[in-house]
Amino acid sequence: MGSDSFDLSEFEYRFLNIQEISERKNIDTLIKGFMEATQGMDRKRACLTLKLASYSENRLDNFGKRIAKIRKSLGIEQNEHCPIFVYGEILSDELMNVFMNKFTHYISASYVEGWDMSMARMDAMEKQLIVPNHSAYPEYLQHGHFVSAKPIPCNQKGALNRLYHNANWFEIDYTEFVSK
């Protein structure tokens, strides 16, 4: 499915998150928060699209199971929250702009960021942003709804653990995040 055929116009609020799947991006909290925030809402009111990439192919193959596990932990059914779409196609810069313009909001629950190019692009497009109040975000974003975040010890697993050794990440205020 190309970005042109990805039609979301039936949804009033169209949330986007673009990421490489990693612990640092805190995607489970993002998904859980969206499910809770839209539980019981008219399903045409909002949708969340996760444009994901993975250097490990099996991470995407099993992503539907991951979403189902989060839903089960909340004790809700798929039809009880607004839709979540997973988009995995690689897009050129030109098509990426077309794709990103389909959304009203960009959302992140990331633990830490240096430079979030997708967030900066959506800010330049004057989209509404829901973003943790940490890292450099407050310095360069103009359209952010900032969510409080507190320092916590880094929990990066695998090879990147060396990079984050003895560092802090920032955990969003979940209640505030869901209310945005």
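The structure is a predicted model, in which local features need pLDDT of at least 70 and side-chain atom pairs count only at pLDDT 80 or more, while totals for chains, interfaces and linings use all residues. Residues are numbered from 1 along each chain as its sequence is written, and side-chain values use heavy atoms, with hydrogens and water left out.

Overall dimensions come next. The C-alpha trace of the protein chain spans about 45 × 40 × 35 Å along its principal axes. A compact globule of 180 residues would have a radius of gyration near 16 Å, and the 16 Å found for the protein chain agrees with this; the radius is taken over C-alpha atoms, and the globule rule is 2.2 Å times the number of residues to the power 0.38. The secondary structure comprises 8 helices and 8 strands, where helices (H or I, at least four residues) and strands (E, at least two) are DSSP runs numbered from the N terminus. Of the 180 residues, 43% are buried; here buried means under 20% relative accessible area, exposed means over 50%, and partly exposed lies in between (1.4 Å probe, protein chains only). Contacts (heavy atoms within 4.5 Å) can also be sorted by sequence separation: among those between residues at least 6 apart, 66% join residues at least 24 apart. As for charge, the mean positions of the 21 positive and 24 negative charges are 5 Å apart. In this count Lys and Arg are positive and Asp and Glu negative, with His and the chain ends not counted, and each charge is placed at NZ of Lys, CZ of Arg, CG of Asp or CD of Glu.

With a salt bridge taken as a side-chain nitrogen of Lys or Arg within 4 Å of a carboxyl oxygen of Asp or Glu, the count comes to 5. In one of them, Glu-113 meets Arg-24 at an N to O distance of 3.2 Å. Glu-113 lies in the loop between strand 4 (105-107) and helix 5 (117-124), and Arg-24 in the loop between strand 1 (13-20) and helix 1 (27-38), so this pair ties together parts 89 residues apart in sequence. Both Glu-113 and Arg-24 are buried.

Glu-113 also forms a salt bridge with Lys-25, at 2.7 Å from N to O. This second pair again links distant parts of the chain, 88 residues apart, with Lys-25 in the loop between strand 1 and helix 1. Lys-25 and Glu-113 are both buried. A further salt bridge joins the side chains of Asp-28 and Arg-66, with an N to O distance of 2.7 Å. Here the link runs from Asp-28 in helix 1 to Arg-66 in helix 3 (residues 63-74), 38 residues apart. Asp-28 is partly exposed at 32% relative accessible area, and Arg-66 is partly exposed at 27%. Through shared partners, salt bridges join Arg-24, Lys-25 and Glu-113 into one network.

The buried residues of helix 5 are Ser-118, Met-119, Ala-120, Met-122 and Asp-123. Their cover includes strand 1, helix 4 (93-100), strand 4, strand 5 (128-132) and helix 6 (137-140). Just after helix 5, Glu-126 takes a positive phi of about 60 degrees. Glu-126 sits in the loop between helix 5 and strand 5 and is exposed, at 56% relative accessibility. Ser-135, in the loop between strand 5 and helix 6, likewise has a positive phi, near 55 degrees, in a residue other than glycine. Ser-135 is partly exposed, with a relative accessible area of 32%.

Two further sites round out the picture. Arg-43, in the loop between helix 1 and strand 2 (46-53), is partly exposed at 31% relative accessibility. Leaving aside residues up to four places away in sequence, Arg-43 touches Phe-11, Gln-78, Asn-79, His-81, Cys-82 and Pro-83. Ser-73 belongs to helix 3 and is exposed, with a relative accessible area of 57%.
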